[in-house]
Amino acid sequence: MSKYLSGSAKRKMRIKKDEEIKKLRGSLNMFVVKNNLDNAVDKCAKNVIIKTNKNTDVESSGTCDDTEPDIFDNQVDNFSTNLISKINENTDLESSVTCDDTEPDIFDKPGENENNEVESSDTCDVTESGIFDKPGLDLTNDYPTDRGHFKEFDTVKSDLKRSILLHGPCKPTNIEFPYSPDGKGILRRFSAQFYHKTTNTGLCIPRIWLCYSVILDCAYCEVCWLFADRQNRNFKINWILGINDWHHIGEKIGAHEISQQHIQATEVRVRWLKNETIDKHMEDKIIKEASFWRNVLIRLVKIILFLTAGNTALRGNENSKTKINNTEGNFIRTVRLMADFDPVLNNLLNNENNKIKYLSWKIQNELIHLLSSEVLNILANEVKRSKYYSIIVDSTQDITKIDQLSVILRYVVLNYETKSFEVKESFFGFFELENHGSKDYENLIYDVLKKYNLDIQNCRGQGYDGAAVMSGAYSGVQQRISSTVSNAHYVHCCAHNLNLVICDAAKSTQVATNFFTTLQTIFNFFSSSCPRWASLAFGDDTAKTIRLKVLKKVCPTRWEARHSSVSALKQRYIEVIKSLTYMSLSSSKVDEKHMAISIKKKIESFEFLLMLCLWERVLRPLHGISKLLQKQDIDLQKALDRLTDAYTCMQQLRNDYCSVVENASNLAIKWGIPTDDKVVCQKKARLFFDEVDGDRRMNITQDNFKIKVFLPVVDTIICQLKDRFKGLHNVCSIFNFLKPQTLLGPDEITIKGSYDFIQMYQSDISSDLTSQLLSIKEIIKNKNLNSIQALASFILENDFATSYSDVLGACIIYLTLPVTVATAERSFSKLKIIKSYLRNSTGQERLSNISVLTLQCMIFFFFFLINFFIIIIPTNERKNI
């Protein structure tokens with residue numbers, strides 16, 4: 001005997017298996033409530049079947065016969081099946097409807113009454129609110145649950161079933177039931193006595209299931225109508241369509257209420273009333289599980305935000321989540337710490353049946369990416385609503401020597417509810433810069449704007465540093481963008497420009513250069529040794545010393561920041577002298593002693609005191625102005641006014657040399673420093689044959705200090721302040737007509753300035769600007785407005801935005817123009833912290849995302865409280881979320 005079955009045996013087994021499957025098909029439907037799609041598909045399939053039957057002259061009847069209904073033709077079944085399949089493919093929903101060619105349709109051909117023809121007016125309606133027309137419960141009718149209000153073949157949806165059950169069955173009693181002839185022509189009618197069953201013992205039992213339709217004049221079973229299994233092969237539709245043959249109606253009622261179909265439907269109805277359906281239990285389980293995972297995600301996201309806000313690394317070298325080891329990162333450690341006090345995380349970690357933890361590095365990166373992407377989308381939408389924006393770009397190297405480009409957008413957000421506006425500079429991320437040509441910078445800027453669907457034509461300003469690749473007049477980035485957008489004015493960073501002014505002044509004389517070298521030498525000498533640093537407090541009260549300034553390092557790049565170094569040395573000068581003297585006399589280290597003697601000799605001179613007092617006077621106002629220029633909300637006019645103040649201050653200092661000398665002399669007398677000029681041998685250059693003997697270096701004395709040191713330093717600052725900010729003057733002159741002081745002046749200046757402005761910004765400003773300016777002039781006469789920013793605030797606060805829309809638009813364009821790139825510089829500070837020596841393997845995308853969450857944390861927290869799960873749930877299609 002062969003161990004393989006024959007073809008005939010296989011066919012028999014397959015037929016037997018198919019028959020078993022047919023018997024089991026639909027057995028679960030009595031426990032499951034159909035969804036809306038099933039109802040809609042059943043309805044659509046029914047309509048198609050009825051129309052097909054009508055077209056093929058298939059007779060349908062509504063008699064109350066208990067015989068098995070006929071089965072439709074295979075042709076109709078195939079058409080119905082194909083239609084249902086197409087509907088499922090178009091809706092893209094998870095639920096599916098299948099119909100086998102050999103299985104009888106669930107909507108069998110009703111009864112044998114030839115006089116009653118089934119109407120086929122029902123169609124598969126498509127509406128805007130859903131795919132199919134959905135039946136409803138009309139409470140304005142006398143009997144809302146009457147079977148006649150609903151279409152014959154409707155499979156009632158879940159919410160309507162609950163409404164019918166809550167409202168109650170249709171059992172009219174106070175009406176006159178109409179007569180109708182039976183099969184023998186005898187007039188008979190329904191009676192309300194059938195609503196109850198009277199036993200032989202006299203017990204009256206209500207028939208909850210039995211209902212009477214006033215519209216159809218028939219009795220029907222509400223339980224079977226709502227809960228009968230229509231896919232059961234023994235399903236009968238007569239008590240769903242209704243019984244109107246009143247001959248032997250009592251026997252028919254008794255036969256139906258003991259039928260298997262009715263008993264099963266009654267069981268389902270009881271489960272519905274007790275809310276114990278399978279889908280309810282599944283729904284409760286899903287809701288509970290989804291709530292658990294939401295709580296898990298909330299905690300994990302808050303842990304990530306807590307760590308990123310503190311610039312703390314999330315991961316270590318952890319390879320296991322079940323064993324605590326020293327290589328675990330801060331994220332896992334924090335989760336374990338919170339699990340000791342939080343039942344949700346405790347269940348997450350200790351539930352062995354749950355294999356999903358959401359603690360891997362991939363989940364961390366995914367959460368960080370989702371959150372930062374949504375924050376950036378919020379910022380991009382904010383920029384779009386503001387319309388106009390300016391580009392601020394700067395680059396630096398990270399710890400791995402990769403050039404990181406920081407992209408900042410400056411824009412103005414108007415709030416008409418609070419009648420105010422806010423100037424914002426939003427960080428959009430770090431981007432790796434592979435090449436350093438102006439074309440590469442330009443393409444990268446365009447790519448960033450395209451990524452967030454921002455139109456480059458709405459760019460109204462550019463802010464860069466003074467590098468040739470950025471500010472070049474012929475092929476720099478600013479020129480390339482200006483050739484595309486003519487109104488995108490370039491503004492050199494004012495704070496950076498002022499820093500270059502001080503840098504040029506410090507390099508104007510050798511004495512000034514040597515002064516800062518000595519200053520740095522003093523700091524290095526004391527800071528390189530803890531005993532030396534502690535010796536600055538020798539002989540003084542400790543509490544008093546703590547309140548004094550300590551010596552500051554000379555900043556190599558930000559020259560205005562050297563004011564703190566000069567000021568600290570001037571305040572601690574006597575302690576430095578005492579400490580150097582103590583070490584020169586008592587130190588056992590030869591190098592230390594010689595260094596202390598050398599430094600003491602350099603600073604114990606009247607020339608050093610003169611330089612100390614000079615630079616303190618020079619850097620004091622420039623340091624304060626530089627801090628103001630780095631503010632986010634500063635505008636061009638304020639920056640120009642502060643630079644004008646600096647220019648005026650330097651002019652006054654140039655004429656006040658005597659006060660500098662007097663201040664230095666007072667300090668020398670106070671500190672015991674001799675004011676006499678030291679006699680130093682003149683250094684002469686060696687003469688060679690044929691050379692002219694004219695190289696004679698003069699010693700710096702009190703008499704020639706003004707000529708050789710003071711005037712070169714001060715004059716360099718004055719000239720640089722005048723020359724380096726010509727571009728700022730040119731941009732400010734475009735908006736000069738908007739200044740309230742100019743508006744209150746002659747009308748000719750306002751008219752000419754507005755005409756030129758309209759020609760420059762034809763796409764932004766209409767020709768009504770001039771008339772609006774002349775009109776608003778009469779309103780602001782006595783308002784004491786001193787800036788364009790104040791003018792914009794006045795328009796918003798007094799609800800003049802619609803009356804003077806062009807004036808407000810011009811003010812917004814003015815406020816959009818950048819003044820400094822300090823925001824990009826501040827992002828570099830975060831870059832150095834996030835991608836440090838210990839975290840140098842951070843990927844580019846992760847670095848940018850964490851930087852966004854860190855720098856835009858306030859925006860994110862607002863977004864998290866409102867929209868987090870609206871974004872996460874549809875985006876992340878993971879299990880259990």
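Trainee: What makes Arg 460 count as buried or exposed?

Mentor: This is a predicted model, so every value is computed from it. Arg 460 has 2% relative accessibility. Buried means under 20%. Therefore Arg 460 counts as buried.

Trainee: What makes the contact of Arg 460 with Asp 764 a salt bridge?

Mentor: The closest N and O atoms are 2.8 Å apart. The cut-off is 4 Å, so the pair qualifies.

Trainee: Which parts of the chain does that pair tie together?

Mentor: Arg 460 sits in strand S10 (residues 459–464). Asp 764 sits in the loop between helix H29 (747–760) and helix H30 (769–779). The two parts are 304 residues apart in sequence.

Trainee: How do you know whether Asp 764 is buried or exposed?

Mentor: Its relative accessibility is 15%. That is under 20%, so Asp 764 counts as buried.

Trainee: Why is the meeting of Lys 424 and Glu 382 called a salt bridge?

Mentor: Their side chains come to 3.0 Å, N to O. The limit is 4 Å, so the name holds. Lys 424 belongs to strand S9 (residues 420–432) and Glu 382 to helix H12 (residues 361–386), so parts 42 residues apart in sequence are tied together.

Trainee: What are the burial values for Lys 424 and Glu 382?

Mentor: Lys 424 has 16% relative accessibility. Glu 382 has a relative accessible area of 12%. Buried is under 20%. Lys 424 is therefore buried, and Glu 382 is buried too.

Trainee: Where does Leu 216 lie, and why is it called partly exposed?

Mentor: Leu 216 is in the loop between strand S5 (210–213) and strand S6 (218–221). Its relative accessible area is 34%. Buried is under 20% and exposed over 50%, so Leu 216 falls in between.

Trainee: How confident is the predictor in the chain?

Mentor: The pLDDT averages 78, and 76% of the residues score at least 70. Over residues 542–547 the pLDDT is below 50. That stretch has three contacts beyond near neighbours in sequence. Residues 869–881 also stay under 50.

Terms used:
Residues numbered from 1 in each chain as written. Predicted model: local features only at pLDDT ≥ 70, side-chain atom pairs only at ≥ 80, totals over all residues. Heavy atoms only, no water. pLDDT = per-residue confidence, 0-100. Contact = heavy atoms within 4.5 Å. Helix = DSSP H or I, 4+ residues; strand = E, 2+ residues; numbered from the N terminus. Buried < 20%, exposed > 50% of the residue type's maximum accessible area, 1.4 Å probe, protein only.
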